Amino acid sequence: MEDKVVEIIEKHRKDDAKLLAILHDVQDKFGYIPEDAIKIIARELKMKKGEIYDTASFYSFFRFKPEGRHEVLVCDCIVCHIKGAEDIIKRLEDEFKVTMGETTKDGKYTFKMVEGLGHCEESPVMMVDGKLYGNLTPDRAVEILRRCEQ
Amino acid sequence: MILLNDAQNIEDYLENGGFKALRRALEIEQDEIIREVESAGLVGRGGAAFPTGLKMKFVKNEKNTPKYVIANADEGEPGTFKDRALMEKNPYQILEGMIISAYAVGAKKGFFYVRYEYRDIAENIRKKVKELRRLGILGENIYGSKFSFDIEVVLGAGAYICGEATALMESIEGKRGYPRIKPPHSTQRGLWGKPTLTNNVETLANIPVIINMGGEKYHKLGKEGCSGPQLFSISGFVKKPGIYEYILGEKTIGEVIELAGGVDGNFKGVMLGGGASGYILNKDYLDMPLCFSDAKKRGVALGTGDIIVFNESVRIWDVLHNIARFFENESCGQCFPCRYGTKRMREIIEKIVNGKGTSEDIKKLNATARAMKIASLCPLGKSAMTAYESAMKNFHDDLMEVIK
């Protein structure tokens with residue numbers, strides 16, 4: 001871990017806006033931000049561990065424990081909401097036996113409800129591992145996720 | 001089209017006169033650029049509609065250095081997706097506007113802040129920045145001039161509040177996205193305490209246009225109280241949702257809905273002016289021209305230029321509940337009126353949605369709205385109840401029907 005985190009920090013050493021960039025890269029590398037990584041970042045940037053955690057914990061997309069292999073963001077903003085997002089959420093929760101914010105027991109998916117993916121022309125939408133799927137129906141949402149299991 | 005041209009690669013952009021404005025700008029005085037922007041009457045497209053030229057002048061006149069510029073692409077209002085479309089289709093025009101602005105105010109470094117949800121776009125902008133460096137359009141001595149400027153792309157990590165300029169600065173500095181107490185304004189003390197010019201990406205895309213056509217001529221696009229093109233995000237129950245570009249003041253809300261294919265179902269109302277912090281309006285507003293001054297006269301605002309269309313299936317209390325939950329989640333928690341107010345607002349509306357609302361609850365909501373508007377530190381808390389208050393005005397009977 002030490003080498004990898006230090007390498008990431010060195011990559012951003014010259015950036016002015018370092019911390020978010022480092023945290024993003026650490027999360028990409030390990031799937032989450034491990035406590036040991038926070039220690040190393042604190043040491044290298046001459047900050048306190050608490051200061052790093054203070055910043056990181058503010059942002060909803062930073063996570064501090066491992067999650068499912070696939071990140072599923074289901075949008076329930078006003079536009080998706082009036083276009084049936086609740087039905088999609090309910091169906092996904094039933095089908096995968098989770099509530100939003102949880103990871104499935106087999107560790108495949110982590111579901112999160114978000115409020116605004118910025119693709120309102122295709123509402124309702126969801127994002128799976130960074131890829132956007134629009135004009136969803138409950139059936140189609142399930143089908144898309146079942147497909148990425150294979 | 002002036003803004004939403006398709007120029008995703010540099011060849012296309014250069015072929016259509018790209019970076020001509022920058023080359024011209026580098027040959028004229030900084031003050032002259034600011035004068036052109038002022039005479040154009042350009043105001044910010046990120047929601048606040050502040051005069052862009054004036055903001056540039058404030059930063060230019062500051063003695064403190066270094067100065068910074070920020071392109072704000074933290075587009076977080078539900079129902080607003082025009083910045084995304086613009087960054088996808090015409091990214092160089094934004095970057096050109098950013099470089100010209102930096103030259104005008106005397107900044108050497110800029111930050112392009114993109115929300116996490118647009119991660120692929122941030123990656124693309126990063127590539128374009130590298131490309132421009134290679135071409136000598138960014139970096140040392142741009143186009144052989146004495147002016148040097150570079151851009152760092154910053155990816156957000158999920159926080160609606162970071163769209164607020166000072167919260168965004170905190171975020172760039174590596175801190176929690178807490179809005180700062182003003183004054184001092186960020187034009188005086190912004191990033192790392194230095195004078196900083198922050199503009200929405202759509203605003204920036206207008207700068208090359210102004211330099212090319214001249215402020216006076218740009219000003220004539222539109223009508224009294226609003227100039228230039230604007231991108232409108234049309235969504236909800238219309239047949240062809242999407243981004244539409246019109247000259248300000250040229251079209252009414254009703255006309256724009258028709259141009260987006262018309263209502264899918266029977267018209268009930270619209271939400272105008274910046275997603276969750278916007279206004280809920282009824283059919284009386286359909287004839288309102290999309291212009292800052294017309295909106296102001298009617299007591300509303302264009303905000304980020306989004307129109308969410310409601311048909312008969314939409315229940316207003318349900319929409320208000322969604323908005324209340326949004327604000328409860330997105331309140332940064334720094335100031336008490338907003339932290340507690342958004343929670344209280346969600347709890348009361350939830351009770352009403354569950355059919356248990358009383359007239360006492362309406363009184364409580366009104367009091368909460370007033371308190372948040374007076375005492376919140378930043379626009380999030382101040383605008384959290386805009387939707388509720390406007391809905392109460394425009395859909396009063398509809399809303400009161402379920403109140404005991």
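A contact means that heavy atoms lie within 4.5 Å of each other. This is a predicted model, in which local features need pLDDT of at least 70 and side-chain atom pairs count only at pLDDT 80 or more, while totals for chains, interfaces and linings use all residues; side-chain values use heavy atoms, with hydrogens and water left out. Residues are numbered from 1 along each chain as its sequence is written, and chains are lettered from A and ligands numbered from 1 in the order in which they are written.

**Chain A as a whole**

- Chain A contains seven helices and four strands; helices (H or I, at least four residues) and strands (E, at least two) are DSSP runs, numbered from the N terminus.
- The order of these elements along the sequence of chain A is α-α-α-α-β-α-α-β-β-β-α.
- The C-alpha trace of chain A spans about 50 × 30 × 25 Å along its principal axes.
- Of the 150 residues in chain A, 52% are buried; buried means under 20% relative accessible area, exposed over 50%, and partly exposed in between, with a 1.4 Å probe and protein chains only.
- Among the contacts in chain A with a separation of 6 or more, 58% join residues 24 or more positions apart.

**Helix α14 of chain B**

- Helix α14 of chain B covers residues 336-353, which is 18 residues.
- From its first C-alpha to its last, α14(B) reaches 25 Å, close to the 26 Å expected at 1.5 Å a residue; the expected span of a helix is 1.5 Å times one less than its number of residues.
- The buried residues of α14(B) include B:Gly341, B:Met345, B:Ile348 and B:Ile352.
- An α-helix has 3.6 residues a turn, so residues three or four places apart point the same way.
- The elements against which the buried residues of α14(B) pack are α13 (316-330), α15 (359-375) and α16 (379-383) of chain B.
- B:Gly355, with a positive phi near 80°, follows α14(B).

**B:Asn322 and chain A**

- B:Asn322 belongs to helix α13 of chain B.
- With a relative accessibility of 3%, B:Asn322 counts as buried.
- The residues that B:Asn322 touches, leaving aside those up to four places away in sequence, are A:Asp76, A:Cys77, A:Ile78 and A:His81.
- A polar contact of 3.3 Å links the side chains of B:Asn322 and A:His81; a polar contact is a pair of N or O atoms within 3.5 Å, where, within protein, one must be able to donate a hydrogen and the other to accept it, and residues adjacent in sequence count only if both atoms are side-chain atoms.
- The side chain of B:Asn322 also reaches the backbone oxygen of A:Asp76, at 3.0 Å.
- B:Asn322 and B:Arg346 are 24 residues apart along the chain, and their C-alpha atoms are separated by 8.5 Å.

**Two further helix residues of chain B**

- B:Asn206 lies in helix α9 (residues 201-213) of chain B and is buried, with a relative accessible area of 0%.
- Not counting residues up to four places away in sequence, B:Asn206 touches B:Leu3, B:Leu42, B:Arg45, B:Tyr218 and B:Pro229.
- B:Glu258, in helix α11 (residues 253-259) of chain B, is exposed, with a relative accessible area of 55%.
- B:Glu258 and B:Met400 are 142 residues apart in sequence, and 30 Å separates their C-alpha atoms in space.

**Backbone features in loops**

- A:Ser123 and A:Pro124 are joined by a cis peptide bond with omega about -5°, and A:Pro124 is in the loop between β2 (109-114) and β3 (126-128) of chain A.
- B:Pro183 and B:Pro184 are also joined by a cis peptide bond, with omega about 5°; B:Pro184 is in the loop between α8 (165-172) and β4 (196-200) of chain B.
- A:Asn135 is not a glycine, yet its phi is positive, about 45°; this residue lies in the loop between β4 (131-133) and α7 (138-149) of chain A.
- B:Phe19 is not a glycine either, and its phi is positive, about 65°.
- B:Phe19 is in the loop between α1 (10-15) and α2 (20-25) of chain B and counts as buried at 0% relative accessibility.
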